[in-house]
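Okay, thanks everyone for coming.

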Amino acid sequence: MHITVLGASRFGLATVRQLIEDGHEVVLIDIDENRLDELSDGLDAAMICGDGTLPSTLRDAYGDGSDALVALTNKDDVNILSAIVGRSVGFERVVPQIVRSELLSVADELKLDDIITPHESLARSIVTGLTQNSEMDTDLALHRELRITNHTVPPEMDGKQIKDLDLPENARPIAHAGEDRETFADPDVYLTKGDRILFVVSQDDADALQAVFSED
């Protein structure tokens, strides 16, 4: 596929790298020329410096045809406008990122059917990880530096509090699910065998955190 990504944000770059890794042709648009210069040597993608809300810029990216425009700047209004303009230029599919929930109704009125809502998506992943019967997928990456991981409390931790755990430096418990309730993972929460704890952990400390919850 030939895909255009607007925005050299951290999320945008993570998306570009994943697309390239999967064998797709990518055009990256960003208004910051210096930013693109910094990325040019390490990113196997065509780059266009320009305003991604302008038809002229999007036509350059569209070229002889592009399968999708994904707008991933840090500004919702820019993403929405670029999607509207991109649709008029001829992109078969436009996918804006929208963070502010009050703008979702606007996207619906504009018939922007494909949208990225990162906060809602992450929330759904957290709820699924806490409530499903099997382990949560521990490869949910946040910008390639952090991961969301879910761990089951082993028998030797039964009766301990979260603050008693010998956790890696860059691991933060964020939620706890017991048999009958879910709570924030406060330090004073008591643990029971089989409970689940959801963590945000750096990639470097993910294995060390897994080792903490491995049964002896």
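Let's start with Gly52, which touches Leu6, Ile29, Thr57, Leu58 and Ser82, if you don't count residues up to four places away in sequence. This is a predicted model, by the way. Gly52 lies in the loop between strand E3, residues 46-49, and helix H3. Buried or exposed, then, this Gly52? It counts as buried, because its relative accessibility is 5% and the cut-off for buried is under 20%. And there's Val85: 33 residues away from Gly52 in sequence, but 8.9 Å away in space, C-alpha to C-alpha.

Now, the helices in that area. H3 covers residues 55-62 and H4 covers 76-89, and the two pack at an angle of about 60° with their axes 9 Å apart. That angle is why we call H3 oblique to H4. The crossing is a right-handed one. Who makes the contact between H3 and H4? From H3 you've got Pro55, Leu58, Arg59 and Tyr62, and from H4 it's Ser82, Val85, Gly86 and Val89. Sort the residues in that H3 and H4 contact by class and you get five nonpolar, two polar and one charged. You'll have spotted Leu58 and Ser82 there, and those are also on the list of residues that Gly52 touches.

Next stop, Lys111. You'll find Lys111 in the loop between helix H5, 104-109, and helix H6, 118-131. Most residues other than glycine have a negative phi. Lys111 isn't a glycine, yet its phi is positive, about 60°. Lys111 is also exposed, with a relative accessible area of 61%.

Then there's Leu167, sitting in the loop between strand E7, 146-152, and strand E8, 171-177. Leu167 counts as partly exposed, because its relative accessibility comes out at 22%. Which residues is Leu167 in contact with, leaving aside its neighbours within four places in sequence? Those are Pro173, Phe199, Leu209, Val212 and Phe213.

Last thing, confidence. The mean pLDDT of the chain is 85, and 86% of the residues reach 70 or more.

Methods: Residues are numbered from 1 along each chain as its sequence is written. This is a predicted model: local features need pLDDT of at least 70, side-chain atom pairs count only at pLDDT 80 or more; totals for chains, interfaces and linings use all residues. Side-chain values use heavy atoms; hydrogens and water are left out. Axes are lines fitted to C-alpha atoms, for helices over the stretch in contact, and angles run from 0 to 180 degrees between N-to-C directions. Helices (H or I, at least four residues) and strands (E, at least two) are DSSP runs, numbered from the N terminus. Angles under 35 degrees count as roughly parallel, over 145 as roughly antiparallel, 65 to 115 as roughly perpendicular and the rest as oblique. A crossing is left-handed if the near helix is turned anticlockwise from the far one by less than a right angle, and right-handed if clockwise. Contact means heavy atoms within 4.5 Å. Ala, Val, Leu, Ile, Met, Phe, Trp, Tyr, Cys and Pro count as nonpolar, Asp, Glu, Lys and Arg as charged, and the others, Gly among them, as polar. pLDDT is the predictor's confidence in each residue, from 0 to 100. Buried means under 20% relative accessible area, exposed over 50%, partly exposed in between (1.4 Å probe, protein chains only).
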